[in-house]
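Please read the following note alongside the sequence and the model. It takes up helix pairing, the domains and their interface in turn.

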Amino acid sequence: MRSIRRQLLVWLLGGVLVSTLIAGAMMFIKVREETGELFDDQLRLIATSLPTRIVVQHQAEEEDDELNDDISVQIWDLDGKLVYSANAGPGLPKPAFRKEGHHSVSSASGRWQVFTEIRRGHLIQVARASRDRDRLAMKLALRSLLPFMVLIPLLGLFILLVVSRGLRPLAQLARAVGRQSPSALKPLPLAHVPPEIRPVVLALNDLLARLEQAMSAQRSFVADAAHELRTPLTALKLQLQLAERAGDDVQRAEAFARLGQRLDRASHLVRQLLTLARHEPQMGLPQRAPVDLVALAGQVIADYDDLAREQGIDLGLNAGDDIGLEPGNGDSLAILLDNLVRNALAHTPAGGRVDVVLARDGGHAALRVIDTGPGIPPAARLRVFDRFYRCGDRGNTGSGLGLAIVKSIADAHGARVTLADNPGAASGLMVSVRFGAGTGG
Ligand SMILES: Nc1ncnc2c1ncn2[C@@H]1O[C@H](COP(=O)(O)OP(=O)(O)OP(=O)(O)O)[C@@H](O)[C@H]1O
Ligand SMILES: [Mg+2]
């Protein structure tokens, strides 16, 4: 990209130069035309003022001296014989008799401006080389252009000065951006910003605001994550000390078993954190392809079949025939359903049911996970999507990230997640994910 300063200088000076040359050419043409008329008058005047003596007696005497060297005079008799000649160069052609007045003729030596007049049985021809007229016109045109030529370098300096002044706000903007600290991004000042640069500053401020928002979200996420990780790590350390102090093999085995559980929970927390980080709204979806929701739900249910049986829960899939394919990312949608089924199984007592239902709802696919557990009280339903939020204290061992992950993935698919009571049982939760109903993309 070439510098704005240089571009402006080259184009403005180029423009001035071309305009000056065009003005010069026009001036040359005009001056040439007027000089031509002037010379015509001069030729006619000389012809008519030639003393009769010269015409009749062919004697020039001292009057010859009054003639300008550039002007040729020839007098011919009507038989075509040259009877008098002054200053006539070899190039001047013989006149065409019977053709009086102004005309221009060409000869081997160039063009001539000629005036002819027949007087007292003689043809008087007064001529001047057209070259003289051109030379004079060129001289006058160049002379009038000279001041502009001198002014062009001055104009260049002036343009540089004006452009430098004009670009000063850009340099000020660059300095203001350079002064920003990544830890505290502040909007750039809008005062004294010219209207041309205002949109840039507004766009930059918008970007800075979004950056600041994203960075503060990151900061609070890292702080929350560190805080959440500290608890299981402290518990792990405690369990390890207990195992070390164990009096006998039975106590030691119990302590190690609890240590194992704590480790499982800590690594589950780390896995959930990683999943959430990968589904941050800014990240978008890694890949999009048509997803067979029925096959995907069948796979997730198969994964939890054994666990459900162990817990005495009836886990089932109920899918309509018209579900079709949903554009999205299969891996992400499997994580979404996995979290919902795991939640349902974790909260449903033995003898209960967990149903995964796939249906078409208003032309869009809808996925529902319905359980017969205690449900979530309406007051808590808005908060359960917050990171690290866990309802109540029913010996909750989760990390509180599952539904936040579900929401992120649903948003990325333009789907909406809603919570409701289980419509077919005395208690229980129904989580609905409706595709094509949200704002995401
Ligand atoms: N099906 C459900 N029935 C009753 N309560 C639920 C159900 N699903 C979620 N909850 C409540 O919502 C809270 C948030 O759920 P979420 O899935 O976000 O976190 P979690 O299950 O505690 O942890 P994680 O899923 O990360 O292991 C849970 O602590 C739980 O109390
Ligand atoms: Mg969960």
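In which helix do Arg 342 and Asp 338 both lie, and how many residues apart are they?

1. Both residues belong to helix α7 (residues 330-347), where they sit four residues apart, about one turn of the helix; helices here are DSSP runs of H or I with at least four residues, and strands are E runs of at least two, numbered from the N terminus. The side chains of Arg 342 and Asp 338 meet in a salt bridge at 3.2 Å, N to O, the term standing for a side-chain nitrogen of Lys or Arg within 4 Å of a carboxyl oxygen of Asp or Glu.

2. On provenance, this is a predicted model in which local features need pLDDT of at least 70 and side-chain atom pairs count only at pLDDT 80 or more, while totals for chains, interfaces and linings use all residues. Residues are numbered from 1 along each chain as its sequence is written, chains are lettered from A and ligands numbered from 1 in the order in which they are written, and side-chain values use heavy atoms, with hydrogens and water left out.

3. The protein chain is divided into domain 1 (4-140), domain 2 (198-278) and domain 3 (286-434), with bounds that come from an automatic or database domain assignment. The contact between domain 2 and domain 3 takes 13 residues from each, contact meaning heavy atoms within 4.5 Å.

4. Between domain 2 and domain 3 about 1,100 Å² is buried, 64% of it given by carbon and sulfur atoms; this is the accessible area (1.4 Å probe) that two parts lose on being put together, summed over both. In domain 2, the residues that lose the most area to domain 3 are Glu 228, Gln 272 and Leu 276, together 46% of what that side buries.

5. The rule finds one salt bridge across this interface of domain 2 and domain 3. Glu 228 forms a salt bridge with Arg 390, the closest N and O atoms being 2.8 Å apart. Glu 228 is buried at 15% relative accessible area, whereas Arg 390, at 30%, counts as partly exposed; buried means under 20%, exposed over 50%, and partly exposed in between (1.4 Å probe, protein chains only).

6. Elsewhere, Lys 30, Glu 33 and Glu 34 are linked in a network of salt bridges, and a search of the whole structure finds 22 salt bridges.
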